[in-house]
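Hello,

Here is the structure we talked about. Please open it alongside this message, and my notes follow below.

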Amino acid sequence: MAAAFSSLASAALAQAAAPVPWVLSPNMGYGYGKDGKTFSYKMGTNNAGILLKGAKKVPKGTLFFIGQNGQLYMRTAPYLEGDGTFMFGPDQ
């Protein structure tokens, strides 16, 4: 019985987790500080023009991730397999 439970648990852990959408909200700013910490804050609209000046749209299909060195990276090259699974999933 224990062996059967163990193999079921192993099979469940081997499956890739389903992607979970970020919860980004209008009028909120999200930052990555010089110290490597992430933060968010409520934004106003009185200086939105200054905020948008020099800003760039993030292309659809962009992946963001933190590397082993703690640095934030982005990748616009393909990161999904042909069947829609994440090609950089957990080691098996």
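**A loop residue to start with**

N27 sits in the loop that connects α1 (2–14) to β1. Please keep in mind that this is a predicted model. The phi of N27 is near 65°, which is positive although the residue is not glycine. For context, most residues other than glycine have a negative phi. N27 is partly exposed, with a relative accessible area of 42%.

Next comes β1. Its side chains alternate. G29 and G31 point to one face and are buried.

β1 runs antiparallel to β2, and five bridges join them. Y30 has S40 of β2 as its bridge partner. The two strands form a hairpin, with five residues between them. In that turn, G36 has a positive phi of about 85°.

**The largest pocket**

How much space lies in the largest pocket? The figure is about 910 Å³. The lining has 27 residues, and G29, Y30, G31, V58 and F64 are the closest to the centre. Several elements give two or more residues to the lining: β1 (28–32), β2 (38–42), α2 (48–52), β3 (63–66) and β4 (72–75). β1 gives the largest share, with five residues. By class, the lining has 18 nonpolar, seven polar and two charged residues.

T62 lies in the loop between α2 and β3. Is T62 buried or exposed? Its relative accessible area is 14%, so T62 is buried, the cut-off being under 20%. A polar atom of the T62 side chain lies 2.5 Å from the backbone oxygen of P59.

**β3 and β4**

β3 and β4 also run antiparallel, and four bridges join them. F65 stands opposite Y73 in β4. The hairpin of these strands has five residues between them, and G70 there takes a positive phi near 85°.

**Aromatic rings**

How many aromatic pairs does the structure hold? There are five. One of them is F65 with Y73, and this pair is stacked. The ring centres are 5.6 Å apart, with 20° between the planes. F65 is partly exposed, with a relative accessible area of 36%. Y73 is partly exposed too, with a relative accessible area of 36%.

Then there are F86 and F88. Their ring centres are 5.8 Å apart and their planes stand at 70°, so this pair is edge-to-face. The cut-off for that label is an angle over 60 degrees. F86 is partly exposed, at 38% relative accessible area. F88 is partly exposed as well, at 41%. F86 and F88 belong to one aromatic cluster together with Y79.

**Where to look**

Then turn to F65 and Y73, which stand opposite each other and form a stacked pair. Finish with N27 and its positive phi.

Best wishes

Methods:
Residues are numbered from 1 along each chain as its sequence is written. This is a predicted model: local features need pLDDT of at least 70, side-chain atom pairs count only at pLDDT 80 or more; totals for chains, interfaces and linings use all residues. Side-chain values use heavy atoms; hydrogens and water are left out. On a 1 Å grid over the protein atoms alone, a cavity is a set of points where a 1.4 Å probe fits but cannot get out, and a pocket is an open set with protein on both sides within 12 Å along at least five of seven lines; lining residues have an atom within 4 Å of a point. Grid points are joined across faces, edges and corners, and a volume is the space filled by probe spheres set on the points. Ala, Val, Leu, Ile, Met, Phe, Trp, Tyr, Cys and Pro count as nonpolar, Asp, Glu, Lys and Arg as charged, and the others, Gly among them, as polar. Buried means under 20% relative accessible area, exposed over 50%, partly exposed in between (1.4 Å probe, protein chains only). Two strands pair if DSSP finds at least two bridges between them. Rings of Phe, Tyr and Trp (its six-membered ring) pair if their centres lie within 6.5 Å; planes under 30 degrees apart count as stacked, over 60 as edge-to-face and the rest as tilted. A polar contact is a pair of N or O atoms within 3.5 Å; within protein, one must be able to donate a hydrogen and the other to accept it, and residues adjacent in sequence count only if both atoms are side-chain atoms.
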